[in-house]
Amino acid sequence: MKYTKHGFLRYWYMRLRYHKWFEHREGIKGFAEQVMYWLITSVIKQSRQLLAKLNQLKLTRDKLIKQKHELLKQPLLDNDEYFSIRKKIISVSIIVPILIVAETFLNYISTLVIFVQTGFIFLLIRWAVAIVLTAVVIVTADETFHAISPVRLKETPQKKNEEQHSHTKGILRRGVSIVLLVLLEITIVGIAEYRARDVEGGVAGSFLYYSFIILAGVLPLVVGYLRWDKSHYYDAYTNRSRLNAIEQELKTIDQKIAVIQLGEHFNLKNQVQGSWALLSEFRVYKEIYNHRKKITENLNKHFTKDKESFQKEARRQYEDGLESAKKISPQTVLPTNGSSQHNITSQKSE
């Protein structure tokens, strides 16, 4: 047999690295079984990693499905109205802070007629009074709108029973909220009117005079109304947003699961190609060695005889020896006198 310079170097590389099997009279079978062991060990290791990822993804998917079922019991927007409500919520989220800042500034201007002293301390006091007054009147306006017209979400018999028992409380809450709001509005409008008259030099009736008073009194009501109106659909909107996010995440997880399952399916097939290539190369050089040493090996009944037999044996050992092979430590496999079929399962049982 003739071989090139590269083949010559490769021959001695294989000869030195796998010398145990070169020197054995049934070295091709022994090396085939060792390659099979390496193959099955590697495939099982990767399969376990893939299965661990798969199980984790399935656990995550189960949790998300449970959350999805819980959300389906809550108020939800239809997909058709989701985007219109989303635009509305974004608009309200921008407008409300602007109106709150404007109301706070108007209240600060109004406090100038009460705290006329100058200095940093009185500046802080004026701002503190303006902020507190703005917050209280807005919260009261919001509470009043809710007391007059409560937000009704998906009702259950328990909720209906609770509403019947809290009817008296609702009337009291409504009355207190209205009275408190009226008093706060009178206070704000009174101080604003006093400040507007002061700015106008004691003269009432100008456009600036009425604009200042109306804005100071109306802005809290507008903010309270917007907050109350937003509460009608905000929970349903957030629930729909969460549901959409969960459904999207479930799609992503299903795609990952499909990829892992596909990878597991081709895991053995892909590694068999490399293992068979190594075994075929070894067999070529070992037959050269056998020819020189007058050694004859019978491979007719061994899975080494062709690629198809090798693939079938790899599949059989992978399926039958999966659990037992998990606990096997790496070792060198050489054929014994009694049997050349030294597979993974028999190693475990011995």
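The model is predicted, so local features need pLDDT of at least 70 and side-chain atom pairs count only at pLDDT 80 or more, while totals for chains, interfaces and linings use all residues. Residues are numbered from 1 along each chain as its sequence is written, and side-chain values use heavy atoms, without hydrogens and water.

Aromatic pairs were assigned to rings of Phe, Tyr and Trp (its six-membered ring) with centres within 6.5 Å; planes under 30 degrees apart are stacked, over 60 edge-to-face and the rest tilted. The count is 19 aromatic pairs. Tyrosine 18 and phenylalanine 282 form an edge-to-face pair, 6.2 Å centre to centre with 85 degrees between the planes. Tyrosine 18 lies in the loop between α1 (5-17) and α2 (19-23), and phenylalanine 282 in helix α9 (residues 234-293), 264 residues apart (helices are DSSP runs of H or I, at least four residues, numbered from the N terminus). Both tyrosine 18 and phenylalanine 282 are buried. The ring centres of tyrosine 82 and tyrosine 237 are 5.2 Å apart and the planes are at 15 degrees, so this pair is stacked. Tyrosine 82 is in helix α4 (residues 79-111) and tyrosine 237 in helix α9, 155 residues apart.

One aromatic cluster is formed by Tyr18, Trp21, Phe22, Phe31, Trp38, Phe282 and Tyr289.

Conventions. Helices (H or I, at least four residues) and strands (E, at least two) are DSSP runs, numbered from the N terminus. Buried means under 20% relative accessible area, exposed over 50%, partly exposed in between (1.4 Å probe, protein chains only).
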